[in-house]
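Please keep the viewer open beside the text while you read.

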Amino acid sequence: MRRLISICVCLVFLSLPGTSGYAAKHGKIGPQATPEEETPVASQRPEAAKVKELLKEGKDFQDNSSFRRALRPYQEALKLSETALGPEHPLTIACMAHTAWLYAQLGSFDQALPLAQQALQRSEKALGPEHRLTALSLRVLGSIYGQMGAHDKALPLSQRALQ
């Protein structure tokens, strides 16, 4: 059963758009940024551009396996995004998912789990079950449960993310 769950979790990581091909070719790890997170747009609010810059900074550290150094920019991005853009803004949800994933990599499951659960709730409410950030939130939450050994919780989330 554990082997089946591990296979399903791996399939989630390999099949989501924007994760497998790019990640495999460029050695990227963890949740991948969406185009809206990466590219500042001239017409957007300055706070959104700053959030995107902080996310990029965090991802650069994360991609170099400097998880502790990635934490500060992710935390700053989340705080700024919640304050300036609102709790249900897509950038805020993305910040939550990325920060939750990072906490899990650092072994801080007590911080990762509620943040990932909140990201999923907000994403489903604000963006709907078919949105890519909802899939990202499902994938992150499933990954956290898997790392915690709660495979009975990880599997249904991973399956939903695949759908």
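1. Let me begin at helix H9, residues 151–162. Its buried residues are His-151, Ala-154, Leu-155, Leu-157, Ser-158 and Ala-161, where buried means under 20% relative accessible area, exposed means over 50%, and partly exposed is in between (1.4 Å probe, protein chains only). Helices here are DSSP runs of H or I with at least four residues, strands are runs of E with at least two, and both are numbered from the N terminus. An α-helix has 3.6 residues a turn, so residues three or four places apart point the same way. H9 has twelve residues and reaches 16 Å from first to last C-alpha, close to the 16 Å expected at 1.5 Å a residue; the expected span is 1.5 Å times one less than the number of residues.

2. A word on provenance before going further. This is a predicted model, in which local features need pLDDT of at least 70 and side-chain atom pairs count only at pLDDT 80 or more, while totals for chains, interfaces and linings use all residues. Residues are numbered from 1 along each chain as its sequence is written, and side-chain values use heavy atoms, with hydrogens and water left out.

3. Now the overall picture. The chain has nine helices and zero strands, giving the pattern α-α-α-α-α-α-α-α-α along the sequence. Of its 163 residues, 49% are buried. Among contacts (heavy atoms within 4.5 Å) with a separation of 6 or more, 60% are between residues 24 or more positions apart. The accessible surface is about 8,300 Å², and carbon and sulfur atoms contribute 55% of that; the areas come from the Shrake-Rupley method with a 1.4 Å probe, and for residues only the protein chains shown count as cover.

4. Helix H4 deserves a look of its own. H4 has 18 residues and spans 26 Å from its first C-alpha to its last, close to the 26 Å expected at 1.5 Å a residue. After H4 comes Ser-65, with a positive phi near 60 degrees.

5. What does Leu-85 touch, leaving out residues up to four places away in sequence? Its partners are Arg-45, Ala-48, Val-51, Leu-80, Leu-91 and Thr-92. Leu-85 sits in the loop between H5 and H6 and is buried, at 17% relative accessible area. From Leu-85 to Val-51 there are 34 residues in sequence and 9.6 Å in space, C-alpha to C-alpha.

6. On to the salt bridges, each defined as a side-chain nitrogen of Lys or Arg within 4 Å of a carboxyl oxygen of Asp or Glu. The count by this rule is seven. In one of them, Arg-72 pairs with Glu-57, with the closest N and O atoms 2.4 Å apart. That pair links distant parts of the chain, since Arg-72 is in helix H5 (residues 67–84) and Glu-57 in helix H4 (residues 46–63), 15 residues apart. Both are partly exposed, Arg-72 at 40% and Glu-57 at 28%.

7. Arg-72 also has a salt bridge to Glu-76, at 2.8 Å from N to O. Glu-76 and Arg-72 are four residues apart in H5, so about one helical turn separates them. Glu-76 is partly exposed, with a relative accessible area of 34%. Through shared partners, Glu-57, Arg-72 and Glu-76 join into one network.

8. A further salt bridge brings together Glu-88 and Lys-125, 3.1 Å from N to O. Glu-88 lies in the loop between H5 and helix H6 (90–105) and Lys-125 in helix H7 (residues 109–127), so the bridge ties together parts 37 residues apart in sequence. Glu-88 is partly exposed at 32%, whereas Lys-125 is exposed at 66%.

9. Last, how many aromatic pairs does the structure hold? There is one, formed by Phe-67 and Trp-101: the ring centres are 5.8 Å apart and the planes at 80 degrees, so the pair is edge-to-face. The rule covers rings of Phe, Tyr and Trp (its six-membered ring) with centres within 6.5 Å; planes under 30 degrees apart are stacked, over 60 edge-to-face, and the rest tilted. Phe-67 is in H5 and Trp-101 in H6, 34 residues apart. Phe-67 is buried at 18%, and Trp-101 is buried at 6%.
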